[in-house]
Structure formats: C-alpha cells, structure tokens
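Work through these exercises with the model open. Try each task before reading its solution.

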Amino acid sequence: MARPLRFIPEDSLVEITTRTFQGRLLLRPSQELTDIILGILGKAQALYGMTIHAFVFLSTHAHLLVSPTSAGQLARFMQFVNANVAKEAGKLHSWSDRLWSRRYRSIVVADDTAAHARLRYILAHSAKEGLLGSPAAWPGPNCIAALTKGKPLRGTWFDRSKEFLARQRGETVFPLQFATTFDVKLTPLRCLQHLTVDQRHTEIRHIVDEIKKQAAADNKEKGRTPMTVEQILAQDPHSKPATIDRSPAPFVHASNHSTERDFRVAYRAFVDAFRAGALRMRDRVREIREMFPLGAFPPQLPFASAT
C-alpha cells in the first residue's frame, strides 16, 4: 500500500509516531539513553527551531506533539532525531540492524479539543499499557515532570563526527570531550496558553491523576499487575512482543465531523495539485535528462515552499 502524501498545512499541530523494528524493546530506557535522547531532541530543536509541546519514548515506540512551520522543517527535524537516536540506541544495545520499522507517521491535529485529547494520550503512556501504575514513573524520556513541576529537560549531545576526526588524527578522546548540554524547550498548546504557569501545572497534574485512576481500573478489570521500574530496566532490548497492535492510524485527529471533512477537502485539493505538477514534470523528463551526462542521477528537487 502506497504511503499517503505528507500534507501538513503551515503552522499545524502534528502528532508524530515512530516505531522500532519488529516492535523490539530497542529503546528500553536507561539513565544513559535518556540523557542522550534528550540531548538529541535539544540539539535538533536548536538546529531547526521546532516547537515541541510534549513527547514520550517507550521501549518500542515514541510519540511527539509538535508544531512545525512546514512539512520541510518537520522532515529535517525528524530525520535528525531518528537517525541519531538509531545510532546511539543501536550502539548502547549492541544492535547492528535497522532500529526503526519504517518512516515516522505524522498526523495533523485539526482543533483544540483534539489537541487536548492527544496531549492526554501521550501523557498516559506506560500506564495505559499496564506497564507501570503511574506514567510519571516511566524511567525513559518523557515530559511529565516538566509539565507538572517545571523541571528542566536537559540532555547531552555527543558530537560523534568530531570524536571520529580526533581519533583519525591519533588523539585520545575522553568521554565528554565533545559533549554539549542542551535543554528541550516545551511550548504550551494553544488550548492551554490562556492559563498561568501554575494553572497549567495544576491542569496537567489533574490529567495525570485521571490517567492513574483509569489505569488502576483497567488493570483490575483485565487482571494484570503493573511491572516495577526495576523490571522495566532489566528487560532485554532485543526481545520482541508475541503480538503487535496493527490498528490503522487515523487520517486526521479531529473532534467533530465538520473539522475532519474540511481537512479532507483541503487534502484532496493538495493531492490534485500535486498530481497535476507530477504530470507536468513527467512531460519535461526528456528535456531535464538531456541536461545531464549519460549514467548520471540528476539532483533531487528541493522542498516546495513559498520562500
């Protein structure tokens, strides 16, 4: 099945999902990996100016809630994040195969009610799956402490290119010689920006309390006992679950049919314009081919933006 075209209107809110290969626990948390992932997010945010609202990295997948200025900015940001997380997690967990199952999935969140629901969804991770009794106890990268207490999200970025060049010159490289500290800056969702900082902290704490109550009820109904943090940290990162959730991703996150319909209309117009452009380009393939020598791959076209 072909991937849908990446349609992200400018200044949209977007939920990102990216999953590990075969659902393996390749992102199993540790203090070192958490520090590195936060450093990667902070470095990527500094490079590309991404507005980040919330995120969580479980052992098998990650979610981010972001507001890119364009699809091009989002693509550059996620390429940097996924590439570097894959290299660092693979190195830590002695994994030489690919780390991600496929390209990340981006879904537009079309209204404030849906945005609040997606924030709650991200905050619920680890508790809603029955892994832990409280999502705040998850030892991997997450934003709950930052959103409830204002705790800084600080990590370490390791410049592996500089490390490599130094070793090539025969120099001794120390562990933190090319390390830089970065903070991940979170921006409140538009639906929460009318609240003061203390009020936002109270609101998120209320959401987390509701999540804990719901998780306790679900665990009781299903007869499951949450794991301990020690058990989470002791899991084999190469292991994979017996079954993987294959539920289809929604086309758009919208709280009502009218908003979803409007988004679908805009998407169809985008697809029609894209196909028309593809036909025009195909008509000029011969002309473009003659500009380059035989056996050459012409350069790819740049991202289409207004500037």
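This is a predicted model: local features need pLDDT of at least 70, side-chain atom pairs count only at pLDDT 80 or more; totals for chains, interfaces and linings use all residues.

Residues are numbered from 1 along each chain as its sequence is written, and side-chain values use heavy atoms, with hydrogens and water left out.

**Exercise 1. Trace the salt-bridge network that includes Arg160 and Glu88.**

Step 1. Apply the cut-off: a salt bridge is a side-chain nitrogen of Lys or Arg within 4 Å of a carboxyl oxygen of Asp or Glu. A search of the whole structure finds nine.

Step 2. Take Arg160 and Glu88. Their side chains form a salt bridge at 2.8 Å, N to O. Arg160 is in helix 5 (residues 160–168) and Glu88 in helix 2 (residues 71–92), so distant parts of the chain, 72 residues apart, are linked. Helices here are DSSP runs of H or I, at least four residues, and strands are runs of E, at least two, numbered from the N terminus.

Step 3. Check accessibility. Buried means under 20% relative accessible area, exposed over 50%, and partly exposed in between (1.4 Å probe, protein chains only). Glu88, at 8%, is buried. Arg160, at 30%, is partly exposed.

Step 4. Move along helix 5. Glu163 and Arg167 both lie there, four residues apart, about one turn of the helix. Their closest N and O atoms are 3.7 Å apart, in a salt bridge. Glu163 is buried at 5%, while Arg167 is partly exposed at 48%.

Step 5. Join the pairs. Salt bridges with shared partners connect Glu88, Arg160, Glu163 and Arg167 in one network.

**Exercise 2. Which parts of the chain does the Asp112–Arg190 pair tie together?**

Step 1. Confirm the pair. Asp112 and Arg190 form a salt bridge, with the closest N and O atoms 2.9 Å apart.

Step 2. Asp112 lies in helix 3 (residues 112–123), and Arg190 in the loop between strand 6 (179–183) and helix 6 (197–222), so the tied parts are 78 residues apart in sequence.

Step 3. Asp112 is partly exposed at 31%. Arg190 is exposed at 60%.

**Exercise 3. Check the length, start and buried residues of helix 3.**

Step 1. Compute the span: 1.5 Å times one less than the number of residues.

Step 2. Look at the start. A side-chain oxygen of Asp111 comes within 3.1 Å of the backbone nitrogen of Thr113.

Step 3. List the buried residues: Ala114, Ala115, Arg118, Leu119, Ile122 and Leu123.

Step 4. Find the cover. It includes strand 1 (13–19), strand 2 (51–57), strand 3 (61–67), strand 4 (105–109), helix 4 (144–149) and helix 6.

**Exercise 4. What do Thr148 and Gly150 touch?**

Step 1. Set the cut-off: contact means heavy atoms within 4.5 Å.

Step 2. Start with Thr148, in helix 4. Thr148 is buried at 7%. Its side chain reaches the backbone oxygen of Ile144 at 2.7 Å. Not counting residues up to four places away in sequence, Thr148 touches His201, Ile204, Arg205 and Val208.

Step 3. Go to Gly150, in the loop between helix 4 and strand 5 (154–158). Gly150 is partly exposed at 43%. Leaving aside neighbours within four places in sequence, Gly150 contacts Ala145 and His201.

Note on methods
A polar contact is a pair of N or O atoms within 3.5 Å; within protein, one must be able to donate a hydrogen and the other to accept it, and residues adjacent in sequence count only if both atoms are side-chain atoms.
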